[in-house]
Amino acid sequence: QTCALPICRDYLERFTKKFQWPATLATLSGLSIVVRENTDLESPYAVEQFTIGYTMPILGTASGFCILAFMNNDKRQSLIDTLLSSEDGNKEEYDQMSLQREFKTVKTNGYAVKIRTRRYTDQTAISVPIKNSKSIIKGALTVRYSTSAYELNDAIKLFVPSLEEASGEISTKIDAYKNKQKTAMDSTYEL
């Protein structure tokens, strides 16, 4: 995941330059979602600015739902069991059946959406998965925008293609980087 950071930065910056809204790379870390990179400082519309390393509850984010939806079923179920049994597990908001329905919708659509009431304005986040060539989920790319700026369907049509394109290019570069590392390690052992 560390190798993805310099690779992702360029795509996040281009996305924000094109749309002006903040873009984020987030990954799973234990029972939290962690902001690994973002363009909050470059976006004129970032109402909240999240620092690199900022953690959020998995079930409180579009990134979390996106990552869980595209995760291996056994690993996802283990995480969900743990999340729902923890003190702040959102038992009032979620149960196994509603989560499974949500994951199915996210996987079918190819993106996750989360609308959150914030201090100044409601924010909508749309996340797409970053998967490697073996379809293993590595993280999520997310755009956050003011809910009042776009109808949801319009925002999906506007943002998702660019997020998916960036995700695909990032995945390709991560795979190439990993293969290059593997080749270098293999040749080191041949000496």
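Me: In what order do the elements of the chain run from the N terminus on?
Reply: This is a predicted model. Its chain holds five helices and six strands. Read from the N terminus on, the order of these elements is α-β-β-β-α-α-α-β-β-β-α.

Me: What share of the residues in the chain is buried?
Reply: A residue counts as buried when its relative accessible area is under 20%. The chain has 191 residues, and the buried share of them is 46%.

Me: How many residues of H2 are buried?
Reply: Helix H2 covers residues 62-69 and is mostly covered. Its buried residues are Ala-62, Ser-63, Gly-64, Phe-65, Cys-66, Ile-67, Leu-68 and Ala-69.

Me: How are H2 and H4 oriented to each other?
Reply: Two packed helices are described by the angle between their axes and the distance between the axes. The axes of H2 and H4, the latter spanning residues 96-109, come within 9 Å and cross at roughly 85°. Angles of 65 to 115 degrees count as roughly perpendicular. The two helices are therefore roughly perpendicular.

Me: Which residues of H4 does H2 meet?
Reply: On the side of H2, the residues taking part are Phe-65, Cys-66, Leu-68 and Ala-69. By class, this contact of H2 with H4 has seven nonpolar, no polar and two charged residues. The residues of H4 that H2 meets are Leu-99, Glu-102, Phe-103, Val-106 and Lys-107.

Me: What is the orientation of H3 to H4?
Reply: Helix H3, residues 73-85, packs with H4 at an angle of about 140°, and their axes are 12 Å apart. An angle over 145 degrees would count as roughly antiparallel. The orientation of H3 to H4 is therefore oblique.

Me: Which handedness does the crossing of H3 and H4 have, left-handed or right-handed?
Reply: The crossing of H3 and H4 is right-handed. The contact joins Arg-76, Gln-77, Ile-80, Asp-81 and Leu-84 of H3 to Gln-96, Leu-99, Gln-100 and Phe-103 of H4. By class, it has four nonpolar, three polar and two charged residues. The handedness asked for is right-handed.

Me: Is Ser-146 buried or exposed?
Reply: Ser-146 lies in strand E6, residues 137-146. Leaving out residues up to four places away in sequence, Ser-146 touches Trp-21, Thr-121, Asp-122 and Gln-123. Because its relative accessible area is 11%, Ser-146 is buried.

Me: What is the phi of Gln-20, and where is Gln-20 placed?
Reply: Most residues other than glycine have a negative phi. Gln-20 is placed in the loop between helix H1 (4-19) and strand E1 (23-29), and counts as partly exposed at 30% relative accessibility. Its phi is positive, near 75°.

Me: What is the phi of Ser-135?
Reply: Ser-135 is found in the loop between strand E5 (123-131) and E6. At 48% relative accessibility, Ser-135 counts as partly exposed. Although Ser-135 is not a glycine, its phi is positive, about 60°.

Terms used: Residues are numbered from 1 along each chain as its sequence is written. This is a predicted model: local features need pLDDT of at least 70, side-chain atom pairs count only at pLDDT 80 or more; totals for chains, interfaces and linings use all residues. Side-chain values use heavy atoms; hydrogens and water are left out. Axes are lines fitted to C-alpha atoms, for helices over the stretch in contact, and angles run from 0 to 180 degrees between N-to-C directions. Helices (H or I, at least four residues) and strands (E, at least two) are DSSP runs, numbered from the N terminus. Angles under 35 degrees count as roughly parallel, over 145 as roughly antiparallel, 65 to 115 as roughly perpendicular and the rest as oblique. Contact means heavy atoms within 4.5 Å. Ala, Val, Leu, Ile, Met, Phe, Trp, Tyr, Cys and Pro count as nonpolar, Asp, Glu, Lys and Arg as charged, and the others, Gly among them, as polar. A crossing is left-handed if the near helix is turned anticlockwise from the far one by less than a right angle, and right-handed if clockwise. Buried means under 20% relative accessible area, exposed over 50%, partly exposed in between (1.4 Å probe, protein chains only).
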